[in-house]
Amino acid sequence: MSEPVTFDEYLAKEMENPEFKAEWDALEPEFQIVRAIIAGREARRLDETQLSQVTGISPEDIDSLENGTANPTLNMLKRLADGLGMTLRLDFQPRV
């Protein structure tokens with residue numbers, strides 16, 4: 001029986017596949033948004049319901065954003081940033 005593989009080990013192996021890597025890289029902006037929302041909410045010690053109350057965004061939409069199944073508008077991202085006491089900053093980076 002083989003030893004268990006960690007997620008990082010599994011991901012490193014999968015990233016060797018050019019098709020997988022291209023798809024992963026294409027989803028990176030969405031991953032960044034999800035991570036930023038969750039990290040901001042946790043830093044403020046808010047649950048999804050509390051974040052909903054301060055942003056006016058439904059708890060269901062907060063949940064969809066955090067699990068990556070929603071495509072937020074720029075206005076929604078601004079409301080989230082404001083509710084988290086943050087400033088939204090977007091930028092374009094050169095491809096490497």
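Partly exposed here means a relative accessible area between the buried limit of under 20% and the exposed limit of over 50%. Trp24 sits at 25%, so it counts as partly exposed. Keep in mind that this is a predicted model.

Along helix α2 (residues 18-43), Phe20 and Trp24 are four residues apart, which means about one helical turn between them.

Searching the whole structure turns up two aromatic pairs. In one, the ring centres of Phe20 and Trp24 are 6.0 Å apart with planes at 25°, so that pair is stacked. In the other, Trp24 and Phe31 have ring centres 4.9 Å apart and planes at 50°, so the pair is tilted.

## Where α3 meets α4

Helix α3 (residues 48-55) packs against helix α4 (residues 59-66) at about 115°, and the axes are 8 Å apart. That angle makes α3 roughly perpendicular to α4. The crossing is right-handed.

On the α3 side, the contact uses Glu48, Leu51, Ser52 and Thr55; α4 brings Pro59, Ile62, Asp63 and Glu66. Sorted by class, that contact has three nonpolar, two polar and three charged residues.

## Leu77 in α5

Leu77 belongs to helix α5 (residues 74-83). Its relative accessibility is 13%, so Leu77 counts as buried. Setting aside neighbours within four places in sequence, Leu77 touches Ile33, Pro72 and Leu88. As for Leu65, twelve residues from Leu77 in sequence, the C-alpha to C-alpha distance is 10 Å.

Definitions and conventions: Residues are numbered from 1 along each chain as its sequence is written. This is a predicted model: local features need pLDDT of at least 70, side-chain atom pairs count only at pLDDT 80 or more; totals for chains, interfaces and linings use all residues. Side-chain values use heavy atoms; hydrogens and water are left out. Axes are lines fitted to C-alpha atoms, for helices over the stretch in contact, and angles run from 0 to 180 degrees between N-to-C directions. Helices (H or I, at least four residues) and strands (E, at least two) are DSSP runs, numbered from the N terminus. Angles under 35 degrees count as roughly parallel, over 145 as roughly antiparallel, 65 to 115 as roughly perpendicular and the rest as oblique. A crossing is left-handed if the near helix is turned anticlockwise from the far one by less than a right angle, and right-handed if clockwise. Contact means heavy atoms within 4.5 Å. Ala, Val, Leu, Ile, Met, Phe, Trp, Tyr, Cys and Pro count as nonpolar, Asp, Glu, Lys and Arg as charged, and the others, Gly among them, as polar. Buried means under 20% relative accessible area, exposed over 50%, partly exposed in between (1.4 Å probe, protein chains only). Rings of Phe, Tyr and Trp (its six-membered ring) pair if their centres lie within 6.5 Å; planes under 30 degrees apart count as stacked, over 60 as edge-to-face and the rest as tilted.
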